[in-house]
Amino acid sequence: MIFANRYTQLFSALFLSFLLFLSTRVFLYVTYFDYFSNLTISETLRSFFMGFRVDTAIIFTFTSALWIAHLLPFKFTLHKLYRQTLGILWGTIIAGIIFFNIGDSLYFGFVNRHISNELSVIGNDVGLLVNMARDYFPIQTLISVILFYIIIYLFYKIFTAKLRNIHIRQSGWLVLPLVITIAFIGIRGKVDGISFGTSDAFAVNKVSSGNLALNGFFCFYRGGDRQNICHSSVTTNKALEVIKQNLTSTKIQYTNTSYPLMRHYREKNKQNYNVVIVLVESLSGKYLDALSHNNYGVTPNLDKLAHEGILYTNFYANGQRSLEGITSIYTGLTQPVGFENLGEGLELYNPSFLGKIAHQNGYTTIAMQSSDRGSFRVDKLSQLAGFEDYYGAEDMPRTGAEEGNPHFGAWDGNMFRFLSTKLHTIKEPFISFCFTSATHSPFYLPGKQWAKYPHSDNSEQGYLNTLYYADSQIKEFMDRCKKEPWFNRTIFIFTADHVGFAELDKTVKNNSHDQENLLSDFHIPLIIYAPKIFKPQVSSIVSSHDDIFPSILDILGWKSNFTTISQSLFDETAKHRFAYVKRGSMIAITDGNGSIGYNYKDFVDEKGNVSQDLRNLLLGCDTAEANLLKNSKWMQR
C-alpha cells in the first residue's frame, strides 16, 4: 500500500471510516427491513443521506484532532512510531464506535429504537448487557470482537503505508486553518444555529426515517444533551391553558397560582383502604388472554383477576424502560426528554412522591423487588419516593419448590412469599409495591412444572413459560392474602413496567388496531382488583402509568397536594382522556381516536384521526412539564 502524500493517506482513512459506518446502517436496514418498509425508495435514500450527516458529526468529532496531528508540518510526523500510534488510535476509536453501533443494532430488535442513556442507568447491572450478548447473540458478538481488531489493523496499515512525497513544507501551516474549519462545520453539522441533533436526522416525518439515519452512539453522546432539546414549542401559558382544559374535573381544586398545576381532590370521606401494587416485568397486553384473547394460556390467574376486577383495555406504559415505569408510578410524572433520571437529579425538581404523601396520611409503606436490592436502582427510587422499608433478593429466603438459580437475585415466588410474611404483621393502613423479574430475559425456567411450551432461555416460548410461572406465584400470593383480615379492605393493582421485547411482540404490529396507534409498543395490562370495593367491569378509557398516582389519592380520599399531567381513573367527571409517553428521544400521545409523535422538530407518524387539539396537547404536555420543573414551579416544597 503506497500513498502519494499525507493528504491522500488522510482521505483514505476518512473514506474507510465512512464506509464502515455505512455498513452498520445497511446492516440495520437489512436486519429490520420490515420495520423500515413504510419508507419509499426516495425516503430511504434521503434517510441514508441524513445518516451520512450523522456519521460525519461522529467521525469529525472523534478523529479531527488526529487529522491535525497527522498534517503538522514537522519532520517527526513521518517517524514510524508516530504514524503507528496515529493509526492505532484512529482504528481503536472507529472500531469502538462500530462495535457500539453493532450492539445498538441488535438492541434495536428488542425496543425498536436506538440506545440512548440506558448505559448510564443500569449501574450495577452491566452484566445484563453482557448476558444478553452471550445468550442472544453469541455468534454476532464473536464476529464483532474479531471485526474490532481487524478495523484497528486496517487503520494501522493505512498510517504506516509508504508515501511517495515525504517533503515537509512550511506551506502546510496554511492548510491547517482550512482543516480546522472543515472539522468544525462537520462536527456541528450546520454553519449556524444549534448543532445537528437527533431531531434533525428525520428526513421525513416518520419515526422509521429517524431511526434509519441515527445510530446508538450518536443518540448516546449527543441525543440526550439538554442543549439540543427545545421544550418551548408553545408558550408556557398556552401549554398550561391546554393542560387545564384537558384535566377539567369537578373533583379537583387548584391550590396555588405560583404552582399552576398543583391541586388536590375536594374533601370527601377518607377511606383507609390498603393498596398493593404488583409490577410485572415485561408484560405486553398481547400476552394477557383476558385482554388480547390470543389464548396463550399462560395467565389463567391474572385472567381470573381481570374478570373479577376492573380491566383497562387501553392502558399504556409511559416509557420503554423499567426505570421510566417506576418513575411514573412513584411520581405520576413522565420523565421529560433530556432530563436526568430519577435518582440522578430528577428528584431535585421536587416531583410529587407517592410514599411521602402516603406517610403524611398515616400509611405504612413498603417496597421490594425480586432482583438484587440495587438492581435497576429500585432501592434508591423507593427511598426517594418515601417508602419506609425496602427489600431486595438478598433479604428473601429460598422457601419454594423452584429449582436452580434465577438470573436476577431471587425467584418471584420467594419475593411473594416474603411479601406475604411482611404484610401479615404490617400496620394498617399500608401501601406496598413489588416488582417481579422472572419474565426478564434470559428466561430461566424454575422447574419443569412450569414448562407449558418447549423451553428456551431466549425465545418467545421461554418467555411464555416464565410468565406462566409468575402467574402461578401471583395466584399463591393472592390465596394467602384472601386469608388475611385486611383482604376485604385492600385494593390490588396489577400492571407491567413496559411491554415485552419487540422481538417477542412482532405479531402485535399485524392487527388493525395497532396499525392505527403509534403507541402499540406501550400497550400493557392494568387490573384493579378489590371484590369487596369495586364491581367487575371492563373499562376502555385511555390511560397510562401516570394515572395510577392520582387514582390512589382519589379513591383513598386524601386531600394532599400533588402535581401530575394525568387524572384519576375513578374520576367520572373527567371528560378528556389521553396517554402521553416518552419514546427515547421523542414523545408521543394518543386519545384513543388517533396518535402522533414529536421529535422536537416535526410531528411524526400520525396514526388514525388526529385532531389539532391532540397536537396542541402533545406540545403542551412537554412544555408545561419541562418548564415547570426547570423553574421550580411543579410542586411547592
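Biologist: In which sense do strand β15 and strand β16 pair?

Modeller: In this predicted model, strand β15 covers residues 594-598 and strand β16 covers residues 603-608. Ser595 has Lys607 of β16 as its bridge partner, and the two strands are joined over four bridges, with the sense of their pairing being antiparallel.

Biologist: Which residue in the turn between β15 and β16 has a positive phi?

Modeller: The two strands form a hairpin, and four residues lie between them. Within that turn, a positive phi of about 70° belongs to Tyr600.

Biologist: How many of the residues of strand β9 are buried?

Modeller: Strand β9 runs over residues 430-435 and is mostly covered. Phe430, Ser432 and Cys434 point one way from the strand, while Ile431, Phe433 and Phe435 point the other way, and all are buried. In a regular strand the side chains alternate between the two faces of the sheet. For β9, the count of buried residues is therefore six of six.

Biologist: Which residue stands opposite Ile431 in β9?

Modeller: Strand β5, which holds residues 274-280, pairs with β9 in the parallel sense over five bridges. Across from Ile431 in β9 stands Val275.

Biologist: Which residue stands opposite Phe433 in β9?

Modeller: Strand β7, made up of residues 364-369, runs parallel to β9 and is joined to it by six bridges. The residue found opposite Phe433 in β9 is Ala367.

Biologist: What radius of gyration does the protein have, and why does it agree with a compact globule?

Modeller: For a protein of 637 residues, a compact globule would have a radius of gyration near 26 Å, and the value for this protein agrees with that expectation. Along its principal axes the C-alpha trace spans about 90 × 60 × 45 Å. The radius of gyration of the protein is 27 Å.

Biologist: What share of the contacts with a separation of 6 or more comes from residues 24 or more positions apart?

Modeller: The secondary structure of the protein comes to 21 helices and 16 strands, and 60% of the 637 residues count as buried. Among the contacts with a separation of 6 or more, the share from residues 24 or more positions apart is 74%.

Biologist: How far apart do the centres of the positive and negative side chains lie?

Modeller: The protein exposes about 25,400 Å², of which carbon and sulfur atoms supply 57%. Its charged side chains comprise 58 positive and 54 negative ones, and the distance between the centres of these two sets is 7 Å.

Definitions and conventions. Residues are numbered from 1 along each chain as its sequence is written. This is a predicted model: local features need pLDDT of at least 70, side-chain atom pairs count only at pLDDT 80 or more; totals for chains, interfaces and linings use all residues. Side-chain values use heavy atoms; hydrogens and water are left out. The radius of gyration is taken over C-alpha atoms; the globule rule is 2.2 Å times the number of residues to the power 0.38. Buried means under 20% relative accessible area, exposed over 50%, partly exposed in between (1.4 Å probe, protein chains only). Contact means heavy atoms within 4.5 Å. Accessible areas come from the Shrake-Rupley method with a 1.4 Å probe; for residues, only the protein chains shown count as cover. Lys and Arg count as positive and Asp and Glu as negative; His and the chain ends are not counted. The place of a charge is taken as NZ of Lys, CZ of Arg, CG of Asp or CD of Glu. Two strands pair if DSSP finds at least two bridges between them.
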